[in-house]
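My notes follow the display.

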Amino acid sequence: MIAGASRKINGDTTAYPMAFNKNVVRNPALIRSMLTMADNGDMQLVAVVLYDFGNDAYIDTRAMFDYAYSNFSKISLKDQKLPEGVKSYEDEDAYIVLPKSAQFSDVKAEVKEDSNKDGSGTVTFTYKGQEVG
């Protein structure tokens, strides 16, 4: 179940353990849109299901959360070597999200210095061409 809703998902009547908020919009044609947030203690996710029919929004939401938590992980940047030209991160809790099969060494970092000349800038991390942080 998502966020304590009382509907069954795949025959399971228990609440989705990590969901903490849900908004459901229904219209007369039984089309449902749903926004649900979940937190497994390590990574927070948001699932958005638009224009789903019947109970499929609940099933689709659970499938998205299960897929993301099973296949991706949050990697803390404070445990990794700083990219060339970076002295520190502004946020000590900075992180990226990678597929569980990936290694941090597979990630590319692009450093751009801000124009204000105070040494600050932006680091963009990519994995296989996709921005991950």
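I began with Y51, which I found in strand 3. I worked from a predicted model, in which local features need pLDDT of at least 70 and side-chain atom pairs count only at pLDDT 80 or more, while totals for chains, interfaces and linings use all residues. Residues are numbered from 1 along each chain as its sequence is written, and side-chain values use heavy atoms, with hydrogens and water left out. For elements I took DSSP runs numbered from the N terminus: helices are H or I of at least four residues, strands are E of at least two.

**Surface patch**

I looked up the exposure of Y51 and read a relative accessibility of 61%, so Y51 counts as exposed. My classes were buried under 20% relative accessible area, exposed over 50% and partly exposed in between, with a 1.4 Å probe and protein chains only. Y51 belongs to a nonpolar surface patch of about 510 Å², together with L35, V46, V48 and L50. Strand 3 (residues 44-53) gives the largest share of this patch, four residues. For such a patch, residues need over 30% relative accessible area and no salt bridge, and nonpolar side chains (Val, Leu, Ile, Met, Phe, Trp, Tyr) are joined within 5 Å; like charges are joined within 9 Å. The areas come from the Shrake-Rupley method with a 1.4 Å probe, and for residues only the protein chains shown count as cover.

**Salt bridges**

I next asked how many salt bridges there are, and the count came to two. The criterion was a side-chain nitrogen of Lys or Arg within 4 Å of a carboxyl oxygen of Asp or Glu. In one, D66 meets R62 at 3.9 Å, N to O. Both residues lie in helix 1 (residues 56-71), four residues apart, about one turn of the helix. I noted D66 as partly exposed at 34% relative accessibility, whereas R62 is buried at 14%. In the other, the closest N and O atoms of E110 and K112 are 3.6 Å apart. E110 is partly exposed at 43%, and K112 is exposed at 51%.

Lastly I traced an open sheet of three strands, ordered 6-7-8 with antiparallel pairing. Strand 6 (108-113) and strand 8 (130-131) are at the edges with a single partner strand each, so one side of each has no neighbour in the sheet. I required at least two DSSP bridges for two strands to pair. Strand 7 (residues 121-127) joins strand 8 in the antiparallel sense over two bridges. I located Y127 opposite Q130 of strand 8.
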